[in-house]
Amino acid sequence: MTTTTTPAPSRARDGSPDKLRTAIGSAVGTTIENYDFLAYGTAAALYFNTVFFHAEDPAIGLLLGFATFGVGFAARPIGGLLGGYLGDKIGRKPVLVGALLLMGISTVAIGVLPTYAQVGLLAPILLTLIRIIQGLAFGAEWGGAILMTFEHAPWKKRGRYTAIPQAGVPLGLLLANLVFLWSSTLDSELAWRMPFLLSAVLIIAGLIIRAKVSESPEFEETKSAGLVVKNPLKEVFKNDWRTILRVISLRLAESGGFYVIVTFMLSYLTSGDEPLAERSTALTGLIIAAAIGVFSTMLFGRLSDRVGRKPVYLTGSLLVMAFAFPMFLLVNTGNSILIVLVYIIGMAVIHDSLAGTQGAWFSELFDTNTRSSGASIGYQFSAAISGFIPLIATAIAIPLGWGGVALVYMGVGLLGVIGTLVTKETWGPTRRAEIDALINRS
């Protein structure tokens, strides 16, 4: 089912008066959410195997760290279901504020947790519980942020505007790894605690900004017209279950590939008796790629406004497949420049071509009164799968080496290609011409 509503010519052309404030407010929130959530991935790769998991074999400790990393993703569909339902029933804005507050509290709590050496098994249990809460908050976050931006934006620039909060992914990653690069110089537990504790400052700033953002005009119109459905989850599963499956397939190419590079690759480069690279080299590669990604994500969003969503997404998915083996061949050289180049290609080019297109495309696949539920469910169920990619990759690497991980990376790219081919274009030449004609009549 596709969006069939026709906007007033003036709003199709200009969007709402709050369009830019909404996009920036959503981006600030998604940056903080991604900082908090991704900080755990970095900590799991670098510290948590010894801090929280008492294992004689470092590989087992790493597997346990990535298992709790995946638990947060397993909770994301529940957060997506709850956040999507509330977003369609009571509005997008309350979900935005509540998700950010919950994420902030849980992240700071990780920073004050006792370690295994202090309380034994209670430490990993508490860490797992907090990780679940993080997953619930993050699951509710994405749909609200993207849809608020999408529904405030001019129709011809929805790719451009929704890419702004999507840029919160590389920006959050950038901030998290900058803090870890700095904290790695601290010769104490503060090396892993400080990145979590510092998120408190970001949370306060984000809540202040989001509180000033107005509700979605499309949701308000739907509510005024009496079109809010009694049970949006039931409606979207009944009418759009095929579209949800398509979104899951599309999203796996982006998120699955992301966590191979961001989380598994970090441990692959820095672990073992003879590491391929220093932690600082790997973190520097992530930081440079994330800094570029803030801008490349928005550029790919703009490109999707010009040529459509499918061409951009298909190209990105094919590149995932093509880069799988070259990526490892390059990092296996141990050359710092080539390692940084892998991060730039894998993140700022391949990943961001997909992420920059998703916000508008996924939103356009659902009607307004079930959009929050449909987009959130598809997005977060795929996240639940991709969150275990570092664990799967680590387990496969033990018997098969890096070639097995390359096949995993190639596999998620194939899912993206299939998903693109079976998903309808929502911003093709015909639709763009219709909106041009509508605007020209005003």
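The structure holds 2 cavities of 30 Å³ or more, a cavity being a set of points on a 1 Å grid over the protein atoms alone where a 1.4 Å probe fits but cannot get out. This is a predicted model, in which local features need pLDDT of at least 70 and side-chain atom pairs count only at pLDDT 80 or more, while totals for chains, interfaces and linings use all residues. Residues are numbered from 1 along each chain as its sequence is written, and side-chain values use heavy atoms, with hydrogens and water left out.

- The largest cavity has a volume of about 180 Å³, where a volume is the space filled by probe spheres set on the points, which are joined across faces, edges and corners.
- Of the 18 residues that line this largest cavity, N34, F138, V169, R251 and Y379 are the closest to its centre; lining residues have an atom within 4 Å of a point.
- Helix 13 gives the largest share of that lining, 5 residues, helices being DSSP runs (H or I, at least four residues) numbered from the N terminus.

**Nonpolar cores**
- The largest nonpolar core has 82 residues, and among those with the most contacts inside it are F48, F52, Y343 and Y409; such a core is a set of buried Ala, Val, Leu, Ile, Met, Phe, Trp, Tyr and Cys residues joined through side-chain atoms within 4.5 Å, with buried meaning under 20% relative accessible area (1.4 Å probe, protein chains only).
- Helix 13 gives the most to this core, with 17 residues.
- A second, separate core of 6 residues includes A12, W155, W427 and I439.

**Aromatic pairs**
- There are 11 aromatic pairs, counted where rings of Phe, Tyr and Trp (its six-membered ring) have centres within 6.5 Å, with planes under 30 degrees apart called stacked, over 60 edge-to-face and the rest tilted.
- The rings of F180 and F196 form an edge-to-face pair, because their centres are 6.5 Å apart and their planes stand at 90 degrees.
- This pair links distant parts of the chain, with F180 in helix 9 and F196 in helix 10, 16 residues apart.
- F180 is buried, with a relative accessible area of 1%, and F196 is buried with a value of 0%.
- Y313 and W361 also form an edge-to-face pair, at 5.6 Å centre to centre and 65 degrees between the planes, and both residues are buried.
- Ring pairs link F264, Y268, F325, F328 and W402 into a cluster.

Methods: On a 1 Å grid over the protein atoms alone, a cavity is a set of points where a 1.4 Å probe fits but cannot get out, and a pocket is an open set with protein on both sides within 12 Å along at least five of seven lines; lining residues have an atom within 4 Å of a point. Helices (H or I, at least four residues) and strands (E, at least two) are DSSP runs, numbered from the N terminus. Buried means under 20% relative accessible area, exposed over 50%, partly exposed in between (1.4 Å probe, protein chains only).
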